[in-house]
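This report is for a reader who is new to the structure. The sequence and the model come first, and the notes follow.

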Amino acid sequence: MEIYCPQLGMMIGISYCLKVQEGLPCRNTFGCWKERVDVAAVLKAKFTDEQLYRAFNTLPKSRLQKILESVRSARREE
Amino acid sequence: MEKKVFLSEKDMPRAWYNIQADLPHPLPPPLNPATGEPITPDMLEAIFPMNLIEQEMSLSRSIPIPDEVLEQLLLWRPTPMYRATALEKRLGTPARIYYKNEGVSPAGSHKPNTSVAQAYYNKEAGIKRLTTETGAGQWGSALAFACNRFGLEIKVYMVRVSFDQKPYRRMMMETWGGTCVPSPSPDTSAGRGFLEADPDHSGSLGIAISEAIEDAVTSENTKYSLGSVLNHVLLHQSVIGLEARKQLESIGEYPDIIIGCAGGGSNFAGIAFPFIRDKIHGKDIRVIASEPTSCPTLTRGHYVYDFGDTAKTTPLLPMYSIGHGFIPAPIHAGGLRYHGMAPLVSRVFTDGLIEAKAYNQLETFAAGIAFARTEGFIPAPETNHAIACAIEEAKRAKEEGKERVILMNFSGHGIIDLPSYDAYLSGKLQDHVMPDEEIEKLLKELDEYPKPK
C-alpha cells in the first residue's frame with residue numbers, strides 16, 4: 001500500500017515513513033496514515049516512549065535552523 | 001468572452017514586490033539556534049552570495065528585476081491567465097474562476113521564477129557552481145534549467161528513494177547539463193556516515209540538505225540554493241501576482257478570493273502577496289492558503305505525541321500541535337507554531353490577512369481529475385489543493401447566488417506525476433485499512449532496521 005507523500009512529491013509506503021528521521025518516524029506519519037493503519041499501535045509496538053517523544057514532541061527545526069546547523073557541522077568537518 | 005488573458009512582454013513587471021515593506025507587524029529576525037541571537041548576514045555568507053542575502057534582509061517595497069533575469073523569464077513569461085469556463089459550467093456556478101498557468105515554464109512549475117534569479121545573482125557574485133537538494137526533483141530540475149541558462153555548474157542531491165523510483169526529473173536535470181546523485185552519497189562526509197550505518201539507506205530531505213550544504217561550504221566557488229521558504233524566494237515569485245493583477249485589470253476584473261496551495265509557501269506567496277498589499281490598504285478580499293490535511297501546518301499544526309503529563313506516566317495520545325487548545329511545551333515555548341511554512345506566510349497568517357484550509361488526498365485528486373476533464377491540463381498533485389479550494393468556493397458562490405471572482409494559482413503541471421494519478425484512478429489511494437498480513441510484514445521489516453539509541 002502506498003500514498004502520495006506531500007513532502008517528497010511521490011508515492012511512498014509506510015515503511016519509509018517509519019524510519020525517515022534517522023531511524024525514527026516522520027512527524028507526518030499520523031496525518032498521512034491514520035485512515036489506513038492503527039499508527040499508534042504500530043509505533044508503540046516498535047519504538048520506546050523516549051524515541052516517540054523525540055520523534056514527535058521535540059521542537060521542530062525551521063528550514064533556516066536546519067541550514068545553519070548543517071553549515072556548522074560542515075565547518076567542523078573541514 | 002475570451003478564454004485566455006495575455007499580457008504583452010512590454011507590460012511584464014520590471015520590479016519584484018517585497019511585502020515586508022507593508023506588513024502591519026515586522027517579521028521577527030530569524031534566530032541562530034546555537035546562540036538564540038538574531039542571525040547576521042555574515043552567518044549566511046558561507047552558503048549564499050551577498051547580493052541574495054541583501055534581498056533576504058531588504059525592507060524595500062520594490063526591487064528591480066535585472067535585465068538579464070528578465071530576458072530569461074521572457075522565455076515563458078508573462079504566463080497566460082485562463083478563465084476556467086468549462087469547470088464553471090460543470091459546477092453550474094455563477095463564480096468566474098481564473099487561473100494563472102505557471103505550468104508553462106520549461107521545468108513545468110513556478111519554481112524557475114526564483115531559480116533563474118538565484119542563478120543570475122550567484123553568477124554576478126563570481127560563483128561558478130551551485131548545490132541543492134531535491135525530493136522528487138521539481139526544484140532540482142528548475143535549478144538545473146537556470147544554471148544552464150547562466151553557464152553555472154550544478155550538483156543536485158536527490159533523496160535516494162526518489163532517485164531510484166522517479167527518474168524523469170533526474171533525466172531533465174541531466175538534459176540541462178546538471179549532475180544529480182542519490183542521497184545519501186559517498187561524495188560527502190555526512191552521506192558516507194549514513195551509508196556506513198546502512199548501505200541501502202533510502203535517504204531523506206534532511207540528509208540531502210546536509211549533503212548539499214557540506215558540498216557548498218567545502219568546495220571552491222560554490223554556493224547553495226533553496227527553492228522555498230526564504231524571503232528572497234518569495235520575492236522572486238511575486239511576479240506571478242503582479243502579472244495577474246495587470247491581466248485582471250485589463251479585462252475590468254478584480255478578485256474577491258485569491259487561492260494558492262501552500263507547502264513551503266512560495267507559490268502561494270507569489271500569487272497572493274501583491275493582493276495582500278491591497279488588503280492591507282483596505283481592499284475587502286479573502287486570501288486562502290490550501291494545504292494537505294496530512295501535514296496541516298497552518299490549519300492545525302503537526303501531529304504530536306502527547307504524554308499527557310510531564311512524568312510521562314499516562315498513555316501516549318496522538319494529537320495536533322495546534323487546535324483544541326493544545327500546544328506541546330517545546331513548540332509553544334519556541335513560538336514556532338508553523339515551522340514548515342515560510343516565515344512571511346506565517347506572519348500574514350498570524351496577522352489575520354489570510355485564511356487556511358486543509359483538504360485530504362482523495363478530495364484533492366478528485367478535484368485534479370475534475371479539472372483535467374474540464375480544462376484539459378493535468379495539474380501537479382500539490383496544485384490540486386488549490387483547485388479543491390477553488391471548487392469549494394465556486395460551489396459556495398452558487399449556494400449563495402453570488403457572482404464572485406476567484407483567482408487561483410495553477411502552480412505546475414502533473415505530467416511527471418502520473419503514477420500518483422494512476423494510483424488514484426485504480427483505487428489504490430482509497431481510504432481503506434491496511435490488511436493484517438501487510439502490517440505484520442511491516443513490523444518484521446522494522447525489526448531489521450537499526451534504531452537510534
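## Confidence

For residues 306-337 of chain B, pLDDT stays under 50, and the model has 54 contacts beyond four places in sequence for them; two residues are in contact if their C-beta atoms, placed from the backbone, lie within 7 Å. Where pLDDT is low, the predicted coordinates should not be read in detail. The complex receives an ipTM of 0.90 and a pTM of 0.91 from the predictor.

Residues are numbered from 1 along each chain as its sequence is written, while chains are lettered from A and ligands numbered from 1 in the order in which they are written. Local features need pLDDT of at least 70, side-chain atom pairs count only at pLDDT 80 or more, and totals for chains, interfaces and linings use all residues.

## Chain A as a whole

Chain A contains five helices and two strands (DSSP runs numbered from the N terminus: helices are H or I, at least four residues; strands are E, at least two). Their order from the N terminus is β-β-α-α-α-α-α.

Of the 78 residues in chain A, 55% are buried (20 or more other C-beta atoms within 10 Å of a residue's own; exposed means 12 or fewer, partly exposed in between, with C-beta atoms placed from the backbone).

## Helix α3 of chain A

Helix α3 of chain A spans residues 39-46, and its buried residues are A:V39, A:V42 and A:L43. These buried residues line one face of α3(A), because they fall within an arc of 95° seen down its axis (the arc of the directions from the helix axis to the C-beta atoms). A:A41 and A:A45 are exposed on the other side of α3(A).

Note on methods: pLDDT is the predictor's confidence in each residue, from 0 to 100.
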